[in-house]
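Biologist: Before we look at anything in detail, I would like to learn how to read charged side-chain pairs in a model.

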Amino acid sequence: MGKIITFTGASGTGKDTIARSLGFPYITSTTTRPLREDDRPGEYELVSHEDFNRLINRNAFAWWQPFADELYGTKVDYLKAAPEAPYTSVMILIPERVRDLREFVPVDLITSFYILSPDSAELRARLEKRGDRAEKIERRLQERSWDEQAMRSDIPYVFITNNGTIDEAVEQVKGYLK
């Protein structure tokens, strides 16, 4: 029976880097944005805005949302297939979507990790290093408020710190998954 591991946290906390280091396949997301150089096979299903809107009208998505002039969604069929898969799958989710996921998949098949933000200076440095623009960095730094919300939520997150190396954070996750 397949399990789902989710990673949530502010931008720059290392969610995707940690997830990719584990080597589990992603549950495919559907988007209208163009392919990126660092996208992994199967990570995204790229469609036109027209096709995305047709999928919305057919209620194909468990959830969807606009972001930065593009559309992103997760298909119900992909979520329902994950528990039947012979492997563990990964998703990177914003906090609201972790709650939504729990409505589509049995909660005993989900392990949700929350990557806590480093201090503001470190987080800013990470965002600058990856090339984010100043105004985007300021918006992203406000996501740190998610940390407090996650700690107060009823979602049973496993909290991970990523203040050292990515390898150390990955080992924290692996230690929990054993």
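Predicted model: local features only at pLDDT ≥ 70, side-chain atom pairs only at ≥ 80, totals over all residues.

Biologist: What is the general idea, and how many salt bridges does the structure hold?

Modeller: Side chains of opposite charge can pair when their charged atoms come close. In this structure there are 12 salt bridges, and a network of them links Asp16, Arg20 and Glu43.

Biologist: Where do Arg126 and Glu122 lie, and is Arg126 buried or exposed?

Modeller: Both residues, Arg126 and Glu122, belong to helix H5, which covers residues 120–129, and they stand four residues apart, about one turn of the helix. Their side chains meet in a salt bridge at 2.9 Å, N to O. Arg126 counts as buried because its relative accessibility is 17%, under the 20% cut-off, whereas Glu122, at 34%, counts as partly exposed.

Biologist: Which parts does the pair of Arg124 and Glu138 tie together?

Modeller: The side chains of Arg124 and Glu138 form a salt bridge at 2.6 Å, N to O. Arg124 lies in helix H5 and Glu138 in helix H6 (residues 134–141), so this pair ties together parts that are 14 residues apart in sequence. Arg124 is partly exposed, with a relative accessible area of 29%, and Glu138 also counts as partly exposed, at 40% relative accessibility.

Biologist: What separates Lys174 and Glu171 in helix H8?

Modeller: Lys174 and Glu171 are three residues apart in helix H8 (residues 166–177), and therefore about one helical turn separates them. Their side chains meet in a salt bridge at 4.0 Å, N to O. Lys174 is partly exposed at 36% relative accessible area, and Glu171 is partly exposed at 47%.

Key: Residues numbered from 1 in each chain as written. Heavy atoms only, no water. Helix = DSSP H or I, 4+ residues; strand = E, 2+ residues; numbered from the N terminus. Buried < 20%, exposed > 50% of the residue type's maximum accessible area, 1.4 Å probe, protein only.
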